[in-house]
Amino acid sequence: MRTKSLKKNKINVITLGCSKNVYDSEVLMGQLRASGKDVTHEAPAHEEGNIIVINTCGFIDNAKEESVNMILNYVDKKEQGLVDKVFVTGCLSERYKPDLQKEIPNVDQYFGTTELPGLLKALGADYRHELLGERLTTTPKNYAYLKIAEGCDRPCSFCAIPLMRGNHVSQPIEKLVKEAEGLAKNGVKELILIAQDLTYYGLDLYKKRNLAELLENLVKVEGIEWIRLHYAFPSGFPMDVLDLMNREPKICNYIDIPLQHISDNILKSMRRGTTKEKTTKLLHQFREAVPGMTIRTTLIVGYPGETEEDFQIMKNWVEEMRFERLGCFTYSHEENTHAFNLVDDVPADVKQQRANEIMEIQSQISWELNQEKVGKTFRCIIDRKEGSHFIGRTEFDSPDVDNEVLIDASIAYLKTGEFVNITITDATEFDLYGIPAVVSEN
């Protein structure tokens, strides 16, 4: 008998791209575990298993390149006999399946973003409907992503997401509450709500923007202490969410609202459905309604036709708005998007230079805002221990993308997953340093 047939199959899931992909991998792994499969997430080489599933990203050039390199890496390992099978799923596979099958035929099978039952079948597992919402989380035990909708109905010219994820489909409130309850039972204390567009939530199911009602139900889930909002679209934002954020301590005073640009010429070409005036007014309303709120945004530089004047408008506006959190990306010319019909006329070095300038401005703003925190005490959640520090976050910081609070582990022992009051003693542009606050006895 060949030894290979005696080997117990172990499935290693590799996740690339955004938090939506992390969520999808967790659902896949939950289904595999329920079918009795031995499954691991991004295990080190010596224990990574003999069956590989790569959950790819196809959003922009860099992400596509990373996904293709990962596929080639594992196809190479398969040819060397180090792994037996390689399956590819996710956005890149959804968008370019025919090309991938032709260019990298040694992958056992390719699956799109909606083909979970087929992928499970290929892995010898059954799709189990009763597992709705159950998943094998890969994040630290204290927080988890909750995907409240899939797909997007927005017509943004530069974005390929509708090509890969389809139209907007909201998840029912009852299902999301049940999922949140399951996560809380497993020790999750922070829910990070994600979707391609939170603003649109509920329009398809309830015929109205229903994010506030969903939040009102989620805050009742016992064990959940923080709820954080990611990826809201500026146009049509449901303002009742702000009232709820202001009066409900469980909802973090934080919102991630990708604005992409601010020059009216570029916003119109991007088909964003808003203007500089409307966007600025909306942000002022946010800050009036929720004093002390942290706004995170992302901007794109180098979009087709972006002039030096358009860029100066953006620079001045970033200085004026003083965002607490900001990321900047260079434009990526994506086939089959509306903007692909335009000439990608901003040279790569100019794109990069503009991105650097925006991040330089933001770095200074971030440093100044962080200095204001020195001497103040914040409730922090402890995510992990790294080297000689415990790493925590305030309610104004999301994992992986925002500031972290570093606490010297030689001063105090802190439990990961716990909330601790931390007094900030020092700050850099993107990190805070602190010590546990002395709790008064009286």
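A residue counts as buried when its relative accessible area is under 20%, as exposed when over 50%, and as partly exposed in between, using a 1.4 Å probe and protein chains only. By that rule C159, at 19% relative accessibility, is buried. This is a predicted model: local features need pLDDT of at least 70, side-chain atom pairs count only at pLDDT 80 or more, and totals for chains, interfaces and linings use all residues. Residues are numbered from 1 along each chain as its sequence is written, and side-chain values use heavy atoms, with hydrogens and water left out.

**The annotated domain**
- An unreviewed UniProt entry places "domain: Radical SAM core" at residues 138-369.
- UniProt positions follow the numbering used here, feature names are shortened, and annotations may be inferred rather than shown by experiment.
- The span 138-369 is 41% helix and 16% strand, and its end C-alpha atoms lie 32 Å apart.
- Helices (H or I, at least four residues) and strands (E, at least two) are DSSP runs, numbered from the N terminus.

**The listed cysteines**
- The unreviewed UniProt entry lists C152, C156 and C159 under "binding site".
- C156 sits in the loop between strand 7 (149-150) and helix 5 (161-165).
- C159 also lies in the loop between strand 7 and helix 5.
- C156 counts as buried because its relative accessibility is 11%.
- Leaving out residues up to four places away in sequence, C156 touches F233, M270, R271 and R272. Contact means heavy atoms within 4.5 Å.

**Q260 and its contacts**
- Q260 is in the loop between strand 11 (251-256) and helix 10 (264-270).
- With 11% relative accessibility, Q260 counts as buried.
- Apart from neighbours within four places in sequence, Q260 contacts F158, M270, R272, T298, L299, I300 and M314.
- Q260 and M314 are 54 residues apart in sequence, and their C-alpha atoms are 9.9 Å apart in space.

**Helix 12 and helix 13**
- The axes of helix 12 (residues 308-321) and helix 13 (residues 348-371) come within 10 Å and cross at roughly 10°. That makes helix 12 roughly parallel to helix 13.
- Axes are lines fitted to C-alpha atoms, for helices over the stretch in contact, and angles run from 0 to 180 degrees between N-to-C directions.
- Angles under 35 degrees count as roughly parallel, over 145 as roughly antiparallel, 65 to 115 as roughly perpendicular, and the rest as oblique.
- On the helix 12 side, the contact is made by E308, F311, M314, K315, V318 and E319. On the helix 13 side, R354, E357, I358, I361, Q362 and I365 take part.
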